[in-house]
Structure formats: C-alpha cells, structure tokens
Amino acid sequence: MHIAEGVLSPAVAASGWLASAAGIYWGLRCMEPEAIPRTAMMTAAFFTASLIQVPIGPGHTHLVLSGLAGILLGPATFPSLAVALFLQALLFQFGGLSSLGVNLLIMAVPAVVFGFLFQGGMRRRSGGRGRLWGFAFMAGMGSVWLSALMQAGALLASDPTFRVAGMTLAAIHAVSGPVEGLITAFTVTFLEELRPGLAKRGGIR
Amino acid sequence: MSCLTWIPGRSWIHRVTPEARLFSALVLMVALTIAEGPWAAMGGGVLAVVLVGLARLPLRLLGHVLIRLNLVLGFMALLLLPALCGSSLVESPAVRPSGNGFSLLGRMVWKGNAMVMLYLALLATMDPMALGLAMRALRLPSRLALLYLLTVRYVDLLHHEWERIRRAMGVRGFRARADRRTFRLYGHALGRLFLRSLERAERIVWAMKCRGFKGHYPLSSRGRWTTDSILFAVGSCLAAVLIFALAWIR
C-alpha cells in the first residue's frame with residue numbers, strides 16, 4: 001500500500017502533503033492530552049502488526065489493519081499513521097518522505113470513514129455479536145478496498161502512463177481485503193469480549 | 001533484535017545538530033520533488049552522492065538499501081511495460097500519456113535513489129529520539145513530537161511482546177495457513193497485543209502525570225544552532241535554489 005519515492009508527480013505529492021497536514025492537524029485537535037500515550041502505544045502496536053506476514057493462497061501478504069485503526073482511534077488515525085509511515089520510510093524505506101502525504105491520505109481517509117460508519121452502525125441499535133462482527137468485517141475489508149482505489153487514483157493523477165500499473169496494484173490489494181476484514185472482525189469481537197464497550201464507544205478517545 | 005536501527009558514526013554530518021539536518025532534509029526533499037527535468041535530476045543525484053560521502057555511510061548497508069529500493073521500482077517498471085512497448089491499452093483518446101514510458105521510468109529510478117540516499121545520509125545517521133526532539137525544535141506541533149517519541153520508545157517493546165505471543169502460539173502447535181482458523185487466531189493474538197498495550201498505556205499515563213505532564217512536557221524547544229549547523233542549513237538552502245535553477249534552464 002506504499003507508493004515509492006520518486007513515482008508521484010510534483011503536483012500530486014504536494015497536494016497530498018497539504019491535505020495530510022490538514023488531516024494531522026484535525027486529528028491532533030481531536031485528541032485529549034491524556035490520549036497521547038494511548039495513541040502512541042496503539043501506533044507502536046499497528047507498526048508491529050504491519051510486520052506480520054499472513055499467508056494467502058500460495059503467497060504472503062502483510063497486514064495493514066487501517067480499518068481497525070479507524071475503529072479504535074477515530075480522527076487520531078491521521079497523526080498515528082503519519083508517525084507509523086514516517087518510521088517505515090525512515091527505517092525500511094517503505095514508501096518515502098515525499099510520497100508520505102499521499103500514502104497517509106490513501107490509508108487514513110478510508111480508515112476514518114469506515115471507523116465512523118462502524119460507530120454509526122453500533123449506535124443505532126444494540127445489536128448482537130453477529131452485527132458487531134459484520135460491521136467490523138465491513139470496516140476492515142472496505143477500508144483496504146477504498147485504499148486500493150485511492151492508490152490507483154493517485155498513480156493515475158500522477159501520470160496517465162501508470163494506468164495499467166495502478167489497476168494491477170488495486171487488483172492485488174483487492175485480494176487481501178477479505179483477509180483484512182476477517183482479522184479485523186475477529187480482533188474487534190475479541191476486544192469487545194474482554195473490554196466491553198471499547199470498540200463500540202469509539203475506541204480509546 | 002531491535003527494529004529501530006540507525007547508523008552511528010563520527011563523520012562531519014554526524015556532528016551537525018539534528019535540527020539543522022532535519023531542516024536540510026526537508027528543504028532538499030521539497031526541491032527534489034518539485035524540480036523537474038534532466039539537469040535538476042542530475043544535480044540532485046550529485047548532491048545525494050556528496051552527502052553520502054560526507055556521512056561516510058557503510059557501502060554494504062547502502063548497497064542493501066538501494067537494491068531493495070530498486071527491486072520495488074523494478075516491479076513498478078514491470079507494470080509500466082505495456083506503456084514502454086506502446087500498447088494500445090494506454091493510448092485511449094480519453095487519457096493521453098503525458099510523456100513516454102522511458103522518461104517516466106528514468107525519473108522514477110533516478111529521483112527515488114537520490115532521495116533515499118539523501119535520507120540515509122541526513123536522517124538515518126541520527127538516533128530516532130534525537131529526531132523527535134529536532135521536530136520539536138523546528139516548531140512542529142508538540143503533540144505530534146510527543147506521539148512520535150513515545151511510539152519510538154515502545155515499538156521495540158511491543159515487537160518483543162508480539163514475538164512472545166507468537167512463540168506461545170507456536171508451542172501450542174499453531175501453524176499459519178491460509179484458512180479461517182488461522183485468521184481467527186491471528187485476530188485473537190492481535191487483540192491480546194492491543195489490550196496489553198492499552199493496559200501499559202494506562203500505567204504510562206499515571207507515571208507521566210507523576211512527572212508533571214499537563215498535556216505537554218517541557219521538552220526543550222530551543223534548537224542548538226552551532227556555526228557548523230547554520231552553515232549546513234544555509235548550504236542546503238543554496239543547494240535547493242541551485243536545483244530549482246537547474247530545472248529552470250531546461
């Protein structure tokens with residue numbers, strides 16, 4: 001889900017940075033001071049989770065879990081993922097600093113959107129375990145799919161020559177969507193059993 | 001094993017203060033991203049090589065990093081293959097390619113390598129904690145700097161926690177397969193990781209409050225600007241201007 005350094009056109013990279021800066025500012029404003037250590041711990045946990053290799057068919061994929069981040073962190077997903085992506089760019093050269101703005105938008109916007117959808121679905125009626133599972137699955141899968149679409153869009157906006165590349169990458173990510181959905185759903189139901197209300201009440205804010 | 005690695009050393013760049021290096025990295029990043037054209041790219045590449053030389057980066061490590069980067073870029077190039085061969089897939093009347101595939105590929109590879117070398121020389125040569133304090137000194141939001149510092153502090157710890165959980169699963173005969181049961185167990189293991197990290201975060205909040213945390217810490221926000229670091233920052237601004245000028249004479 002990372003666009004490497006040097007791939008994006010200047011205009012796309014710059015507008016990505018501007019929009020992400022607004023998102024980070026919004027996320028920081030929404031965060032209580034006491035939530036900073038909790039958000040930092042969750043950021044470290046998501047960073048760790050992104051190193052996990054999960055088998056799919058003959059190959060492996062690495063987890064993104066942006067849907068789970070949206071459910072647990074809400075708007076704080078922006079600063080949290082910004083720190084995680086910055087560390088990844090710095091330590092492993094996944095993505096890069098110039099493409100960090102676009103990469104952050106690609107991951108955080110779907111996460112926040114599906115996080116809000118999840119909270120909305122939980123608020124309307126006290127549903128059972130199945131409802132919780134279903135909404136969490138939708139958030140996990142939907143956010144990865146939306147991210148894949150946005151990635152293709154960013155590549156296409158950068159240069160029309162990337163058309164085939166964007167579509168191929170989107171197709172690759174489409175496969176990992178259901179896996180992300182399943183893992184998100186199982187994690188959320190597990191968390192709800194041990195800490196009732198944690199995910200339903202809008203996470204750790 | 002720690003997953004937070006950096007390159008210690010005693011070169012001239014290592015002696016420049018972290019604030020000046022972060023500032024220079026940001027300025028040069030903007031210049032390299034925005035400036036277009038072969039001359040600007042050439043200038044950026046030369047600059048990156050000079051900085052790598054000044055930082056005396058170990059060549060083995062540099063090679064590893066660049067090989068990994070170019071494998072990723074090579075994968076992108078593979079996806080660009082239809083465009084390189086001039087397939088009709090790309091040339092639809094609605095979307096006209098802005099340049100040919102080869103110039104795009106060249107820009108991608110050249111800029112990508114130059115930028116990664118730049119970060120390795122300027123940012124990977126300082127310890128991640130110093131980088132957090134440098135963010136604060138450059139007046140980035142204090143909450144963001146604190147979030148970064150705490151994350152850096154606990155990444156290794158949680159990584160070890162995850163390895164412990166994973167080992168416990170292994171002892172009980174768990175083997176990762178592509179089936180529902182594997183995904184359920186992964187979900188539960190991740191849930192356990194998140195719960196443990198939240199419980200630890202509660203204890204951290206209490207410990208921070210005991211030490212006078214009121215939404216922010218009195219982190220030293222005044223940068224240390226020595227003569228060397230001022231020279232370095234001014235030099236990189238000049239280099240950025242030069243890159244822009246090279247783009248302009250295209």
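This is a predicted model: local features need pLDDT of at least 70, side-chain atom pairs count only at pLDDT 80 or more; totals for chains, interfaces and linings use all residues.
User: What makes B:Lys209 and A:Glu34 a salt bridge?

Analyst: Their side chains meet at 2.9 Å, N to O. The cut-off is 4 Å between a Lys or Arg side-chain nitrogen and an Asp or Glu carboxyl oxygen, so the pair qualifies. The rule finds 2 salt bridges across the interface of chain B and chain A.

User: Why is the pair B:Arg107 and B:Glu36 called a salt bridge?

Analyst: The N to O distance is 3.9 Å. The limit is 4 Å, so this pair counts too. Over all chains, the structure holds 9 salt bridges.

User: What parts does the pair of B:Arg107 and B:Glu36 tie together?

Analyst: B:Arg107 sits in helix H6 (residues 101-122) of chain B. B:Glu36 is in the loop between H2 and helix H3 (38-54) of that chain. The two parts are 71 residues apart in sequence, so the pair ties them together.

User: How do you know that chain B and chain A are in contact?

Analyst: Contact requires heavy atoms within 4.5 Å. By that rule, 79 residues of chain B touch 73 residues of chain A. About 6,700 Å² is buried between the two chains, 80% of it on carbon and sulfur atoms. B:Arg143, B:Phe183 and B:Phe194 supply 11% of the area that chain B buries against chain A, more than any other three residues.

User: What makes the lining of the second largest pocket nonpolar, polar or charged?

Analyst: The residue types decide. Its lining residues divide into 18 nonpolar, no polar and no charged. Closest to the centre are A:Trp17, A:Ile24, A:Leu100, B:Leu140 and B:Leu144. The pocket's volume is about 510 Å³.

User: Which helices supply that lining, and which gives the most?

Analyst: Helix H1 (10-30) and helix H4 (77-92) of chain A each supply at least two residues, as do helix H2 (18-34) and helix H8 (142-171) of chain B. H1(A) gives the most, with 5 residues.

User: How do you know that both domains of chain B take part in the lining?

Analyst: The domain assignment gives domain 1 (12-129 + 224-248) and domain 2 (140-210). Each contributes at least three residues to the lining of the second largest pocket. The domain centres, taken over C-alpha atoms, are 34 Å apart.

Key: Residues are numbered from 1 along each chain as its sequence is written. Chains are lettered from A and ligands numbered from 1 in the order in which they are written. Side-chain values use heavy atoms; hydrogens and water are left out. On a 1 Å grid over the protein atoms alone, a cavity is a set of points where a 1.4 Å probe fits but cannot get out, and a pocket is an open set with protein on both sides within 12 Å along at least five of seven lines; lining residues have an atom within 4 Å of a point. Grid points are joined across faces, edges and corners, and a volume is the space filled by probe spheres set on the points. Helices (H or I, at least four residues) and strands (E, at least two) are DSSP runs, numbered from the N terminus. Ala, Val, Leu, Ile, Met, Phe, Trp, Tyr, Cys and Pro count as nonpolar, Asp, Glu, Lys and Arg as charged, and the others, Gly among them, as polar. Domain bounds come from an automatic or database domain assignment. Buried area is the accessible area (1.4 Å probe) that two parts lose on being put together, summed over both.
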